[in-house]
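Let's take a walk through this structure together. Have a look at the picture, then read on.

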Amino acid sequence: MIPKYIKVLFCIPIVIILCYSVYLLSVYSSVPEIIPIHSYGGRKDEYGSKIFLFLPVVLNLIILIFTWLIIRRPDKIKFTFEINENDREKTYHTIQMILVILSIFVTIMMSPLSFFDVVYK
């Protein structure tokens with residue numbers, strides 16, 4: 001059973017993604033067709049289509065789906081420690097809360113920073 005406060009808190013990253021998606025859609029026509037795409041490692045930055053602005057939003061949604069699946073079934077997590085039967089529910093609630101906080105943090109970091117160079121300039 002997922003506590004109500006976990007469900008409510010998990011709505012925060014979804015609302016953040018929706019807000020940034022609406023904002024991105026509202027300024028999408030003013031964004032140039034070719035945008036800089038920052039690569040990682042030793043590769044140089046390249047240019048690509050503005051459709052790449054939606055990639056972080058999609059990746060963030062995929063992360064949230066996997067996180068929700070874990071939150072829904074904390075009993076399937078393979079813990080590296082023994083869980084006492086009396087503390088099982090408390091441990092599950094703690095793990096769920098940690099996952100929700102991580103989801104909020106990841107969403108806050110991914111959404112605005114992913115298209116900062118193009119949209120906010």
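What follows is about rings, a charge and cysteines.

First, some ground rules: this is a predicted model, where local features need pLDDT of at least 70, side-chain atom pairs count only at pLDDT 80 or more, and totals for chains, interfaces and linings use all residues. Residues are numbered from 1 along each chain as its sequence is written, and side-chain values use heavy atoms, leaving out hydrogens and water.

Let's start with the rings. Searching the whole structure turns up two aromatic pairs (rings of Phe, Tyr and Trp, taking its six-membered ring, with centres within 6.5 Å; planes under 30 degrees apart are stacked, over 60 edge-to-face, the rest tilted). Phe 10 and Trp 68 have ring centres 5.0 Å apart and planes at 40°, so they count as tilted. This pair links distant parts of the chain, 58 residues apart: Phe 10 is in helix H1 (residues 4-27) and Trp 68 in helix H2 (residues 55-72). Helices here are DSSP runs of H or I with at least four residues, strands are runs of E with at least two, and both are numbered from the N terminus. Phe 10 is buried at 6% relative accessible area, while Trp 68 is partly exposed at 24% (buried is under 20%, exposed over 50%, partly exposed in between, using a 1.4 Å probe and protein chains only).

Next come Tyr 28 and Phe 54, tilted because their planes are at 45°, with ring centres 5.4 Å apart. Tyr 28 sits in the loop between H1 and strand S1 (34-37), and Phe 54 in the loop between strand S2 (46-49) and H2, so the pair ties together parts 26 residues apart in sequence. The charged end of Lys 50 also sits over the ring of Tyr 28, 4.3 Å from its centre (NZ of Lys or CZ of Arg must be within 6 Å of the ring centre and within 35 degrees of the ring normal).

And the cysteines? Cys 11 is partly exposed at 41%, and so is Cys 19 at 48%. The structure has zero disulfides (pairs of cysteine sulfur atoms within 2.5 Å).
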